[in-house]
Amino acid sequence: MKNYIYKFAFISMFFLVFSSCSTNNNSVSRAAESIEIIIDNGIPQNYSYNIIAKDYPMTPTSGYNCEFTITSEDLSANTFIANLGMQVATCPFTVTAPFSNTMTGSLSPFFIIPGINFDDAAANSINFNIIAFGDNPGDDIDIVLSGTFYVVSDPNPHTLLITIHVHRD
C-alpha cells in the first residue's frame, strides 16, 4: 500500500509540474485595461474603472458621421473623458498607428480631467502619440499624451502625462 501511495504521489507531482493551465501568453493585449494620469510629476491617478472606448454615430447635421470617445472613472466615480476625434466616414473611427501629433491651444473639447479647469486661451502643448488603435471590438488601443497645460487663473505651466491601454468596445 505504501508503494502505491508513493507512485500515486509521484505521478501526481509529475503531472502538475509538466502541465500548465495557461498558454504563457503575456502579450500587451492580455494586460488589463488602465488609464493613468500624472500631473506635475505627482502621484499617479488611476482612472481604470468602468472603461468604455467606443464609437458614437453622429447626426448628419453635425457634418460628421462618427466620434470616438474613451470614458472611465476613478475609485470615487470621478469621470475622465477623452474625445479622440470625429470623422466624416462612417463608424468605426479609424486611425493608422503609429500616429503622433502635437495639440496646441484649446484642450477642454478633447479632455475632461476632474479637478482641472483648462485655460483654453493659454499656450497649451500636448504631444499625442497613438501606438495602437484597433478597428474591431476587443482590439487594443494604446495612447500616450504628454506635455504642458495651463489652468484658469494660474500663470504657471503644469505637466501632464496620460497613459491609456484599453480595449475597444
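Val88 sits in the loop that links strand E5 (79-87) to strand E6 (99-104); helices (H or I, at least four residues) and strands (E, at least two) are DSSP runs, numbered from the N terminus. This is a predicted model, in which local features need pLDDT of at least 70, side-chain atom pairs count only at pLDDT 80 or more, and totals for chains, interfaces and linings use all residues. Residues are numbered from 1 along each chain as its sequence is written, and side-chain values use heavy atoms, with hydrogens and water left out.

Is Val88 buried or exposed? Val88 counts as exposed because its relative accessibility is 57%. The labels work like this: buried means under 20% relative accessible area, exposed means over 50%, and partly exposed is in between (1.4 Å probe, protein chains only). Together with Tyr64 and Met86, Val88 makes a nonpolar surface patch of about 280 Å². Patches are made of residues with over 30% relative accessible area and no salt bridge, where like charges are joined within 9 Å and nonpolar side chains (Val, Leu, Ile, Met, Phe, Trp, Tyr) within 5 Å. A salt bridge, in turn, is a side-chain nitrogen of Lys or Arg within 4 Å of a carboxyl oxygen of Asp or Glu.

Strand E5 also belongs to an open sheet of four strands, in the order E3-E4-E5-E7, with antiparallel pairing. Strand E3 (49-57) and strand E7 (111-112) stand at the edges with a single partner strand each, so one side of each has no neighbour in the sheet. Two strands pair if DSSP finds at least two bridges between them. Strand E4 (residues 66-73) and E5 run antiparallel and are joined by eight bridges. Within this pair, Ser72 stands opposite Phe80 in E5.

Leaving aside residues up to four places away in sequence, Asn78 touches Tyr47, Ser72, Glu73 and Pro114, where contact means heavy atoms within 4.5 Å. Asn78 and Tyr49 are 29 residues apart in sequence, and their C-alpha atoms are 9.9 Å apart in space.

Zooming out, the protein has one helix and ten strands. Of its 169 residues, 31% count as buried. Among contacts between residues at least 6 apart in sequence, 52% join residues at least 24 apart.

Key: Accessible areas come from the Shrake-Rupley method with a 1.4 Å probe; for residues, only the protein chains shown count as cover.
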